[in-house]
Each structure stands twice: as structure tokens, then as C-alpha cells.
Amino acid sequence: MPTKLNQKIKEYFILATTNLFHRKLRSWLTMIGIFIGIAAVVSLISLGQGMKDAIFSQFSALGTDNIIIQAKQAMFGPPGSSTAAPLTKDDRDIIKKSHGVELVATRLIKAIQIDFEKKTFFRYAATFSDDNEARNFMIERFKFKIEKGRFMEIGEKNKIIIGQNYAKEPVLGRELRVGDKLSINKKEVEIVGILAKTGNPQFDNTFFLNEEALREILNLDDRIDIIIAKASNKDDIEQVVETIKKNLRNHRNVEKDKEDFEVQTSQQLISSLRTILTIVTAVLVGIAMISIIVGGVGITNTMYTAVLERTKEIGIMKAIGAKNSDILLIFLMESGLLGMVGGIIGVIFGIALSKTVEIIAANALGSELIKASFPPALIIGALLFSFLIGAISGTSPAIQAARLKPVDALNQE
Amino acid sequence: MSETIIELNNVWKTYFMGNNEVNALQGISLKVKKGEFVAIMGPSGSGKSTAMNMIGCLDAPSKGEVYLSGKDIMNMTESNLAQVRGRKIGFIFQKFNLINTLTAKENVILPMIFQNMTKEERELRAYELLKLVDLTDRMNHRPNELSGGQQQRVAIARSLAMNPEVILADEPTGNLDSKSGSTVISFLKKLHKEKGTTIVMVTHDEHIAHNAERIEYIKDGKIEKIKFNNKIT
């Protein structure tokens, strides 16, 4: 019996294909909804997944024994740009003295105005600590390498190094070279080194200065955007986090659970970033789902029309021996196929779309963060899902077709 | 005495049109035996189409019994009935009723698919049947590429697909010119004569009806008279 059923499904598959081919234009139009939806879902998920993978590999390079301390953000923006109570050098000293902390590095990340060859640009600058130990820690952690020139010496005020993209792309009008001079917030500085490509768009598109140099240029007080602490023992990291939190609370005079700062391990940072990405992907996929549902309604509509148009045909098939279940199967197969073919085209378009985004991102933004990833489960899932949507959308019309009385159906003109 | 294939016993069919009751059949009784060629004749509105639907198990009576090979069709489920219909009855319709999206051969094969015949068997049988109706050269044409006469011959081949016990022909020549019509009739006669196929033909055309061995005249939903035709050629 199962072989008979298999054979029947095969026959009806051929029959359904014939029917769909016979109404080519309508079939294509019906599939559009499904195919746009599936294409959107596939490309969004693949890009989201790719981004998660990229972020994970970036952060795992950071090591797991790091603790990152930031002031709580009031708004979106680069770290420290809109905080009510920023971290300061005092906070840094408190952290440095905390039990279990081996060393502390600080960073500023600021928007700067760059004047170069009579043009003005707004870019980001980041800093290196003016402390040998902390600086080496950061260079090692972020795997910074100099491609051309040299790092700034400790205490050097008017020297900067630049991210790879400024040397490779005419971002500021032309490619920058070692020895080029430009001004940051009206203060002239000289490029002494070019950083090797890190693959991280933040680093590859950033100007690097010594911390005190940037402080002077921007006329900053002793605020700090990010403090990175290294735990002396990796296994104690959670405890060190608690110690830092407690010490900072005391120093900043805030109550527990009302902290105006965040202390996270790089591990936590990864997982919270992943959560954010997952949520963003889920929301976008949810929106794309609407298209699929609308596509499903389109299939239902098409199939109802098909049942009406082919009432006589249904009558004929019943007269020559088709059971209700045969008619049901034929129509379900047709709507399932509509969904599935829409899904196949959607998957192909989705892959093409996310690959295009990946290539554009790599070329235009120099970003390797946007990478498409296509796990087999995504492809197979998308195809099964589209077949299912088709079949479900076709269920009600198929039942209507199956229930037609042969004599009534035959007399239909 | 040969076995009875179809029996209508005091069959009534009542339709409700708004508040009006219309009795399309008013206690019709009829027996078709194996190997017979019966014509059912009557003017339009006489109830002959309704009678045809009853004989073909396409419709259920309001009152009375319909027996197919001795089994009461009222006791059968819809899918059982479909199965029986597919195996025991071959339909030929006035308007041919072929599936337009399928080729001549696929149309002949369709009933065999519903009966789970294997692919090899189907291909062979379809070829034989189309050969029987002289259409092997038109096998892969779709109905709209065939003349009316050719379409009706495809329909005859289809009706024979499952080697049915009876062929029901509803005005088989109604949509054909007289030449194609007589070809179709000659095929039916050939089937009856050479293979002993049982044929029930509904028509309003006295001339066509005279090809049958027996003519049942229907009027106002009842059999009015029966005429035996002994001079069939």
C-alpha cells in the first residue's frame, strides 16, 4: 500500500506540474509573494548568522580574561558619547587597585574633525594608553601590527597611526601615506604608521593617537570611555567583576543595582551582542514573514479560482473513478508546488542577495563583519516551510474541490 | 438468463427549486443485462439525463433503489462508489469531457491512475485502446488539437480503460456532424458486437436510437414504452 501511495503521489505530482504549466502567468504571479518572502528570510538569516559568526571570532581574539568597564549609555552612539557620569582616571585607579586585577588599559573613542587638503571630514579616533604595560596588553589583545612606519612613542603628541582603509582607499580624497600631515580639530598631526588590516571595520577605519595627545587636542578632562582590566587569574574572573563593581559603587557613591556603569567580561559582551543580533534578525525575519503569509493568501486565492474554473474537470475525474481523497491530493500537490517552487526561487534569490550585500560591504565599507552564512538547515528549512505554506494555503480550496458532488460538478459550464 | 448489471427499482428524484418541487424521475424502473445495447430515448426535460446520472451512480435517488452488480449504491461510501464507478462504468459524454491540459494518451491513462494500474500496463493499454479507435497518430495531441469526432473517439478509448462492465453514452453524437456521429456509433456497435460490451445510450434522436437492440422511451420521469429492435445490422 505505501508503494501504491508513493506511486500515486508521483503521478499527481506530474499532473499538478502539468496544470501549473498550463497557467504559467498566474502561477508565476502567485509565486511572487512566497518568493519575495523566502528570499528576504533567507538573506536576513544568512547575513544575521554571518554577522554573529564574525563578531564571535573577533571577540574571541580578545581573550576571555578581560573585563570591560563602561559608563552606562544614555543614548545610542559610540561609547562615552552621551553618558551622564563618565568614567574617570580616578575610577581607573580604583579598578587598578582592586583585588585580582593584573593590569588596566584605558581607551578614548571620540568623533573628530579632520582637515586634509582643504576638505573636512568627520571620523572616529581611538587611543593607546600612555603606559607601556597597558599599551602592550592592548596591542597583543587586538593583534595590532604595523604594516608601514612605526607605532607612536609613549608621550608623542603630534604623531598618529591610521587604520588600513585610509591607506588603501581614497577615503579622504586620496590614499594616505606615512609622512602625510593632516589636522585633527585644527591641530596639525603627522602620520607615522599604518596599521595592518585587522578585519574589524572599527579598527580599519580609525585614527589612533596617544591618549594624552587626544585629550589635549580635544581639550578633555580626565574622562575615559572604556577601561579594560585583565584578571590575574582567568578562573576568578567572575569574582574580580564583583570586586570591581563593589569598589566602583563605593567610589562613585551609588547603590547596588543602580549602578551608572557596566562591568562585563568579554564573554558576557559577546553573548549580549549575540542576543541583540538575534533579536534584530528575528524582528526583520518576522517582517519578512508577513510577505510569506500574504503569499500564502495569494495561493489560497489562486487555488479557489482554480477550483471554480476546473469544477467540470473535477466532475469528470470523479466520474471516471477519482475518489475525494484523490482530488484532495491533486489540489494539495498543486498548491504545495506553488509554494515550493516559490521557495526554490526565493532561496536562490536570497543567497544571491546576501552574497551581493557581502561583496558590497567588503568593497565599499571594507567590512568583513557582513558575511553571509548558509547552514544547510536554513536552505532545507526554507524549502520545507514554503511547501508547507503552499499546502496549508491550498487546504481549504482542496477540501472544497474534493467535496463537490460529481453530478453538480459535471453540469457546470 | 444473463446477469443484471444495472437495476433501477421505482426510482424517484425530486429537486427543490425555491418552493417548487420538481419530480425529474417518478418511479422509473429499468434493468440492463450483460451484453445488452439499450437506448434511452426521450425529449428534453423528460428526465433522461437524470436517469443517466442514476445509472452511472453520479447521483443518488430521492426514493427507490439503484443496484450496480446487485449491490445497493445507497450502502456505499463516496470513495467506494468512486472506485466502483471507475472500474465498472465507462462514460461517454455529449461534450466529450476530456481534460484539456492532458494529451489524448494521458486522458486515456487517467482512469487507470485512479485505479493504481502500473505504468507499464497503462502505457500498453492506452496504446491498444487508441489503436482500437484509430487514433495512434494523434496520441500526443491535446483535445483542442483534435476534431470533435476524434475527441469523442478518445473519450470512447478512455471509457474502455478499465474494461468496464457497461458503457454509458450520454448523447454521444449530440455535438458531432453526421459523418463523425456515424463513425462514433459504428465504434460503439463494433464494441458491442465483437467484445460483447454492454452499452446504455441516451439520445433524443430516434435514428441514432435505432442502433440499439432495445429502446426505452422515457416521458415525464417514467418509462412510457419499450421497443425491441430486431433488425440491427
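Let's start with a sheet in chain A: four strands in the order E3-E12-E1-E13 make an open sheet with antiparallel pairing. Strand E3 (101-107) and strand E13 (261-265) of chain A stand at its edges with a single partner strand each, so one side of each has no neighbour in the sheet. This is a predicted model, in which local features need pLDDT of at least 70 and side-chain atom pairs count only at pLDDT 80 or more, while totals for chains, interfaces and linings use all residues. Residues are numbered from 1 along each chain as its sequence is written, and chains are lettered from A and ligands numbered from 1 in the order in which they are written.

**A few terms first**

- Helices (H or I, at least four residues) and strands (E, at least two) are DSSP runs, numbered from the N terminus.
- Two strands pair if DSSP finds at least two bridges between them.
- Axes are lines fitted to C-alpha atoms, for helices over the stretch in contact, and angles run from 0 to 180 degrees between N-to-C directions.

- Strand E1 (residues 66-71) of chain A and E13(A) pair in the antiparallel sense over five bridges.
- Within E13(A), A:Phe261 is the bridge partner of A:Ala71.
- H9(A) lies across E1 and E13 of chain A and runs at about 100° to E13(A).

- Eight bridges join strand E4 (residues 109-116) of chain A to strand E5 (residues 119-128) of chain A in the antiparallel sense.
- A:Phe116 has A:Lys119 in E5(A) as its bridge partner.
- E4(A) and E5(A) form a hairpin with two residues between them, and A:Glu117 in the turn has a positive phi of about 45°.
- E4(A) also pairs with strand E8 (residues 181-184) of chain A, in the antiparallel sense and over two bridges.
- In E8(A), A:Ile184 is the bridge partner of A:Ile114.

**Helix packing in chain A**

- Helix H9 (residues 266-309) of chain A packs against helix H12 (residues 376-403) of chain A at an angle of about 25°, with their axes 8 Å apart.
- That angle makes H9(A) roughly parallel to H12(A); angles under 35 degrees count as roughly parallel, over 145 as roughly antiparallel, 65 to 115 as roughly perpendicular and the rest as oblique.
- H9(A) passes H12(A) in a right-handed crossing (a crossing is left-handed if the near helix is turned anticlockwise from the far one by less than a right angle, and right-handed if clockwise).
- Residues of H9(A) that meet H12(A) include A:Ile292, A:Gly296 and A:Val297, and among their counterparts in H12(A) are A:Ile389, A:Gly390 and A:Ile392.
- The residues of the contact of H9(A) with H12(A) divide into eleven nonpolar, seven polar and no charged (Ala, Val, Leu, Ile, Met, Phe, Trp, Tyr, Cys and Pro count as nonpolar, Asp, Glu, Lys and Arg as charged, and the others, Gly among them, as polar).
- Helix H3 (residues 89-97) of chain A and helix H8 (residues 237-252) of chain A pack at about 140°, with their axes 9 Å apart.
- This makes H3(A) oblique to H8(A).
- The crossing of H3(A) and H8(A) is right-handed.
- H3(A) brings A:Asp90, A:Asp91, A:Ile94 and A:Ile95 to this contact, and H8(A) brings A:Ile244, A:Asn247, A:Leu248 and A:His251.

**Domains of chain A**

- Chain A is assigned domain 1 (2-58 + 272-410) and domain 2 (64-266), with bounds that come from an automatic or database domain assignment.
- The centres of domain 1 and domain 2 of chain A, taken over C-alpha atoms, are separated by 49 Å.

**The sheet of chain B**

- Chain B has an open sheet of six strands in the order E6-E7-E8-E3-E9-E10, with mixed pairing.
- Its edge strands are strand E6 (89-92) and strand E10 (222-228) of chain B, each pairing on one side only.
- Strand E3 (residues 37-41) of chain B and strand E9 (residues 214-219) of chain B pair in the parallel sense over four bridges.
- B:Val38 stands opposite B:Arg214 in E9(B).

**Where the chains meet**

- The contact takes 22 residues from chain B and 20 residues from chain A (two residues are in contact if their C-beta atoms, placed from the backbone, lie within 7 Å).
- The largest share of the side of chain B that touches chain A, seven residues, comes from H2(B).
- That side of chain B has nine nonpolar, eight polar and five charged residues.
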